[in-house]
Amino acid sequence: MKPWFLIMLFCACHNPGSAQPLDSGRLVRGIPDGKWMGWYKNGKPQFIRTYSAGKWRQFQNEKIRYHPKRISMPITKLYHDHKEQAEKYTKAINSFCGLQNCSRVNGNAGEVINSAVQEHYHPPFGNGLLHGLFINWFSDGAIKDSGHYHNGLPEGVWFKWTDDKQFYWKGFYRHGLKNKEWKLYSFTGLLIRIVFYRDGKLIWRKEVREGVGLSDTEYPGLH
């Protein structure tokens, strides 16, 4: 039987006598397995990550016995072609707090704060392989982005809202690369922009609604 542990951290919140769950999930030999969920201090959900300890072991085996014609996971090929890029997906901290100035608070394993207003989270595990549902929420309960991972890489349809909640992108990933049309909409559902990718490379773009004043830097859907 494989040893596993159920982890749940708590934080002291507005009521001194109560404890608000910070995160909850399962570890198998130090590797997350299944749904890992976290909450804001106000009690609203902050994120869902879905991991697979079995897929992680498969990835480790394929790395050791690597042969380009005998692998089943695209992330294994990515690891051998671009190790740093692959590790952006497998190092758990990058999934929660990718900003350079992200640091622990008083050495705690849970909440992390930087100069931004948002709350950040530092997981109690170093590595993992995402496989399944992936969601981030704003602190008011609105969904920030959502999609699925397959064998460690983003796959299929994704939705991504801008930080001001005025626009959102809807697009498609294949093996972690943007593919086909990515469309930018206003919060009212008006189509603003269409960008077409092929294996992560921008092929063409079209401004459907002019004069909106969106820059690629402010609204990163082209990167």
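Two strands pair if DSSP finds at least two bridges between them. Helices (H or I, at least four residues) and strands (E, at least two) are DSSP runs, numbered from the N terminus. This is a predicted model: local features need pLDDT of at least 70, side-chain atom pairs count only at pLDDT 80 or more, and totals for chains, interfaces and linings use all residues. Residues are numbered from 1 along each chain as its sequence is written, and side-chain values use heavy atoms, without hydrogens and water.

**Exercise 1. Strand pairing**

Solution: 
- Check the turn. The hairpin of β10 and β11 has five residues between the strands, and Lys165 takes a positive phi near 65°.
- Go on to β12 (residues 177–186).
- Phe172 stands opposite Asn179 in β12.
- This second hairpin has two residues between the strands. Here His175 takes a positive phi near 55°.

**Exercise 2. The buried side of α2**

Task: State which residues of helix α2 are buried, how they are arranged around the axis, and what covers them.

Solution: 
- Apply the cut-offs: buried means under 20% relative accessible area, exposed over 50%, partly exposed in between (1.4 Å probe, protein chains only).
- In α2 (residues 74–81), the buried residues are Ile75, Thr76, Leu78 and Tyr79.
- They cover an arc of only 160° around the axis, so they sit on the same side of α2. The arc is that of the directions from the helix axis to the C-beta atoms.
- Look for the cover. It includes α1 (53–64), α3 (83–90) and β10 (153–161).

**Exercise 3. Asn136 and its partners**

Task: Describe the surroundings of Asn136 and give its polar contacts with Arg49 and Asp145.

Solution: 
- Asn136 is in strand β8 (residues 132–137).
- Asn136 is buried, with a relative accessible area of 15%.
- List the contacts (heavy atoms within 4.5 Å). Leaving out residues up to four places away in sequence, Asn136 touches Gln46, Phe47, Arg49, Ile143, Lys144 and Asp145.
- Pick out the polar contacts. Such a contact is a pair of N or O atoms within 3.5 Å; within protein, one must be able to donate a hydrogen and the other to accept it, and residues adjacent in sequence count only if both atoms are side-chain atoms.
- The Asn136 side chain makes one with the side chain of Arg49, at 2.9 Å. A polar contact of 2.9 Å also joins the side chains of Asn136 and Asp145.

**Exercise 4. The aromatic cluster**

Task: Classify the pair of Tyr89 and Tyr149, then find the cluster that contains Tyr89 and Tyr149.

Solution: 
- Rings of Phe, Tyr and Trp (its six-membered ring) pair if their centres lie within 6.5 Å; planes under 30 degrees apart count as stacked, over 60 as edge-to-face and the rest as tilted.
- The whole structure holds 17 aromatic pairs.
- For Tyr89 and Tyr149, the ring centres are 6.5 Å apart and the planes at 70°, so the pair is edge-to-face.
- Tyr89 lies in helix α3 and Tyr149 in strand β9 (residues 143–150), so the pair ties together parts 60 residues apart in sequence.
- Tyr89 and Tyr149 are both buried.
- Tyr149 also pairs with Trp158, edge-to-face: 5.6 Å centre to centre, 75° between the planes. Trp158 is buried.
- Tyr89, Phe134, Tyr149, Trp158, Tyr173 and Trp182 form one aromatic cluster.
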